[in-house]
Amino acid sequence: MFQMLGVLKCVGAAPSIRGHDIRDLLGMSDHGAAFDLAEHVIDQSLQAGLQVINDISRSGQDIRHLHKGVTELLREVLLIKAGAFKLNDLMEEQRGRMQSMVAKTSIAQLTKVLRIFTKVELEAHAFSALPFEIALAETVLNDDSAELSERRQTSKIQDVPGPSSEIALASDG
């Protein structure tokens, strides 16, 4: 595979080979971005999570690797939370971030997130981050709170007098 990169560079097909090109070729993910996104999912930070996905997508990296990496990380957090996986099995730098994620989340939240993320089909959308972004939004938004917020907005709109009600009041008097 590395010979292929060398050949492409020699013939001018690949003017500059970057680290993410090699990771994509080997099917590897950017672990830093996967950790960042996993933390944003657990913190329920939609804006920050979408930014990570967008940065990876705009850099030309295959979004499927990020999806796979974050799903595996969240699976490990679930296993640690359930007592089926030991933090000692991780490298020291990963251990601290994983401990923080384990402390901030619940098995119910992880189950919900993993259920949604495993349903994402990126094969047909290799260069579109949209299915992954929608899945992230679904994990962050609580159905009950979104429904309640929508009802509140609808009731506010109905309660606010509009121009037509002011005209009706003026013509009555």
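## Basis of the model

The model is predicted, so local features require pLDDT of at least 70 and side-chain atom pairs count only at pLDDT 80 or more, whereas totals for chains, interfaces and linings use all residues. Residues are numbered from 1 along each chain as its sequence is written, and side-chain values use heavy atoms, with hydrogens and water left out.

## Overall architecture

Read from the N terminus, the order of elements is α-α-α-α-α-α-α-α-α-α.

Of the 173 residues in the chain, 29% are buried; buried means under 20% relative accessible area, exposed over 50%, and partly exposed in between (1.4 Å probe, protein chains only). Among contacts (heavy atoms within 4.5 Å) with a separation of 6 or more, 68% join residues 24 or more positions apart.

## The largest nonpolar core

A nonpolar core is a set of buried Ala, Val, Leu, Ile, Met, Phe, Trp, Tyr and Cys residues joined through side-chain atoms within 4.5 Å. The largest one has 34 residues, of which L37, L66, L74, M98, F117 and F132 touch the most other members. At least two residues of this core come from each of α3 (31-42), α4 (46-58), α5 (63-81), α6 (92-104), α7 (107-118) and α8 (130-140). In soluble globular proteins, nonpolar side chains tend to be buried together.

Leaving aside residues up to four places away in sequence, F132 touches L37, I53, I63, L66, H67, V70, F117, V120 and L122.

Axes are lines fitted to C-alpha atoms, for helices over the stretch in contact, and angles run from 0 to 180 degrees between N-to-C directions. Angles under 35 degrees count as roughly parallel, over 145 as roughly antiparallel, 65 to 115 as roughly perpendicular and the rest as oblique. A crossing is left-handed if the near helix is turned anticlockwise from the far one by less than a right angle, and right-handed if clockwise. The axes of α3 and α4 are 8 Å apart, at an angle of about 155°; the two helices are therefore roughly antiparallel. Their crossing is left-handed. A33, D36, L37 and H40 of α3 meet A48, G49, V52, I53 and I56 of α4, a set of six nonpolar, two polar and one charged residues. Here Ala, Val, Leu, Ile, Met, Phe, Trp, Tyr, Cys and Pro count as nonpolar, Asp, Glu, Lys and Arg as charged, and the others, Gly among them, as polar.

The axes of α3 and α5 come within 9 Å and cross at roughly 60°, which makes α3 oblique to α5. This crossing is right-handed. The contact involves A33, A34, F35, L37, A38, V41 and I42 of α3 together with L66, G69, V70, L73, L74 and V77 of α5. By class, these comprise twelve nonpolar, one polar and no charged residues.

## Individual residues

Q44 is located in the loop between α3 and α4 and is partly exposed, at 42% relative accessible area. Although Q44 is not a glycine, its phi is positive, at about 55°. Most residues other than glycine have a negative phi.

E72, in helix α5, is partly exposed at 35% relative accessibility. E72 and L114 are 42 residues apart in sequence, with a C-alpha to C-alpha distance of 9.3 Å. K112, in helix α7, is partly exposed, with a relative accessible area of 28%. K112 and T139 are 27 residues apart in sequence and 7.0 Å apart in space, C-alpha to C-alpha.

Terms used
Helix = DSSP H or I, 4+ residues; strand = E, 2+ residues; numbered from the N terminus.
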